[in-house]
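Subject: Structure for your review

Dear colleague,

Please find the structure below.

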Amino acid sequence: MLSIANLQVSVADTPILRGLSLDVPAGEVHAIMGPNGAGKSTLGYALAGRPGYEPTGGSATLDGEDLLELDPNERAAAGLFLSFQYPLEIPGVPALTFVRTALNAQRRAQGLPESSAPEFLKAARAAAGQLKIDFDMLKRPLNVGFSGGEKKRMEVLQMALLQPRFLILDETDSGLDIDALRVVADGVNALRSPDRSMLVITHYQRLLDYIVPDRVHVLAAGRIVASGGPELAHTLEAEGYDRIVGEAA
Amino acid sequence: MSLHPNPLQFAAGLTRGAPLPSRRHEAWKYSDLLRVLRELPPGSPAAEPSGQGPFAGLADLALVFVNGRGPEAATLGGVTAVRFISDATGTAHESRLRLRVPEGVSATLLESYEGHGSAYFANTLLEIALEPGARLERIVLADEPETAVSVSTADVRLSTGASYAQTVLTSGARLQRLETHVRHPGAGAAVRLDGVYVLAGARHADLTTAVDHEGETGTTSQLTKGAVRDTARGVFQGRITVRKGADGTDARMGHHALILSDRAEVDAKPELEIWADDVSCAHGNTVGSLDQDALFYARARGMDEATAKALLTEAFLGEVLDRMEHDGARELARAWLQERLQ
Ligand SMILES: Nc1ncnc2c1ncn2[C@@H]1O[C@H](COP(=O)(O)OP(=O)(O)O)[C@@H](O)[C@H]1O
Ligand SMILES: [Mg+2]
């Protein structure tokens, strides 16, 4: 599914990712953990095509398709979804309008018919119910005045409606209390399927108790410095990043 | 901005051989009429009205002007459409209309500028009087050919306790100026003065307003927003004068514009002139580009650049439409906006 080889990314001419390699096969959930400033969000942005996150070497492909050559919307239409660490506020655009506009733009790009209003509303109602989001909130401008936790739920709602093939969750657990974390994790787990993969970026092991990964990778100083099974998250939680990052350095 | 003390007299001069204003006139420095017109074209011939106009079906009564020919005066009540139709090529015409809203009456005016043909000069003069306690919502929709030159001047006079609300929607023309003067007596009278311009190609729109607070405790709330792309040019000139003795006036003016391409331009001149005490006045003016982070967020969710820009621009401008009171006209304005942003 996702294959990254020796990826190098600079931000404002400063190299941040320095030769990152990673393979996430179809149906698997991989976690990326690492200290603050390691480059985790940079990886998500570079894969999604954010201006200013300049790939300077290496490759990233989704099912063989070169992501780095595509516009951000083409990457989305190819099935990539980035859940933002800090979701943006969109004044004046009701959440429902925003998501439906995005969905129909993807459908057009995929050569599929647009989603009708009743069809879309039905799906939105179901997803909101599952995520315990008050439906009326979806009529308000997206994320404007929403709490941190509400914004994260809105990200998961968008995933549920857009049905991407590859998800990157950037710190989707931050700002959530334990009840909200469960709801969000249930929402994400509901999307797990043999033909969908995920990259779960997190600072803490806590989220990985709910979204149990197949593999855990440690990102430090722009590279993957260690990989292992789910138990690696517990080791990191117990020992901190210093030893493992220190050994790799 | 030194506007003429008698705006309709000045406007009448434009089609009666007075020297055309150029950028040397301070009030016209962003909208050089002389440069686009050179000299006054010959008079437009009579023509038949065509179509039903953008507000078809929303009004109880329609007053129709074609190439300057139409009724002289009307008394408003209920919903009235006024259509200023230009069907002319290379000629000029002047339309003049006097409107009155009687004491205590609430009325809606749906005013359209419709153009067929090309390179005409349309000069429109409106005199609008609101009697004590009268209410008027004036909605102006101007869609004219890119070669047209069009100037509309409205002189609005409010009596005590009257309320006047205006929303001007325009897509510009070669040069188009929609100018509104409001004489505000204070004394419980209220004014809302809004505008939206959406300009593409080489179009030019100029929204000029002057509100004169002459008495105590009047309110004015003004919000104009615009979006310009290609080599289009938007002009906003807003002046609020609070005369000596107009104490307790509350006046707010906002103008905010988005520039969507490198070669588009917006010129803004907000002015507050305050000669009274204990007034609450504020103005805000911003001209910028779309929020790049929001744009990336929308694109990362699958919107192509044009769709994402249109959605964010529509949301930006939509704030003005939300303030419209007439439901049918507001829906129509929304559809108009969406079409203009495609
Ligand atoms: N927009 C930016 N401008 C300048 N520096 C940035 C920007 N984004 C990230 N960086 C730098 O890149 C490094 C990695 O940041 P980031 O990817 O956000 O780390 P993480 O998500 O792992 O905490 C940090 O040193 C950070 O300061
Ligand atoms: Mg981060």
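Ser41(A) is buried, with a relative accessible area of 19%; buried means under 20% relative accessible area, exposed over 50%, and partly exposed in between (1.4 Å probe, protein chains only).

Two notes on conventions come before the rest. This is a predicted model, in which local features need pLDDT of at least 70 and side-chain atom pairs count only at pLDDT 80 or more, while totals for chains, interfaces and linings use all residues. Residues are numbered from 1 along each chain as its sequence is written, chains are lettered from A and ligands numbered from 1 in the order in which they are written, and side-chain values use heavy atoms, with hydrogens and water left out.

Helices (H or I, at least four residues) and strands (E, at least two) are DSSP runs, numbered from the N terminus.

Gln85(A) is also buried, at 15% relative accessibility. The side chains of Gln85(A) and Ser41(A) are joined by a polar contact of 2.7 Å. A polar contact is a pair of N or O atoms within 3.5 Å; within protein, one must be able to donate a hydrogen and the other to accept it, and residues adjacent in sequence count only if both atoms are side-chain atoms. Leaving aside residues up to four places away in sequence, Gln85(A) touches Ser41(A), Lys152(A), Asp170(A) and Glu171(A), where contact means heavy atoms within 4.5 Å.

Salt bridges

Over all chains, the structure holds 32 salt bridges, each being a side-chain nitrogen of Lys or Arg within 4 Å of a carboxyl oxygen of Asp or Glu. One of them joins the side chains of Glu89(A) and Lys151(A) at 3.1 Å, N to O. Glu89(A) lies in the loop between S6 and H3 of chain A and Lys151(A) in helix H5 (residues 148-162) of chain A, so this pair ties together parts that are 62 residues apart in sequence. Glu89(A) is partly exposed at 34% relative accessible area, whereas Lys151(A) is buried at 16%.

In chain B, Glu179(B) forms a salt bridge with Arg177(B), with the closest N and O atoms 2.8 Å apart, and both residues are buried.

Arg203(B)

Arg203(B) sits in the loop between strand S11 (190-199) and strand S12 (204-213) of chain B. Arg203(B) is buried yet has no salt bridge, and the nearest side chain of opposite charge, Glu146(B), is 4.9 Å away; Lys and Arg count as positive and Asp and Glu as negative, while His and the chain ends are not counted. The side chain of Arg203(B) does reach the backbone oxygen of Ser171(B), at 3.4 Å.

Chain B as a whole

Chain B comprises five helices and 17 strands, and 56% of its 342 residues count as buried.

With kind regards
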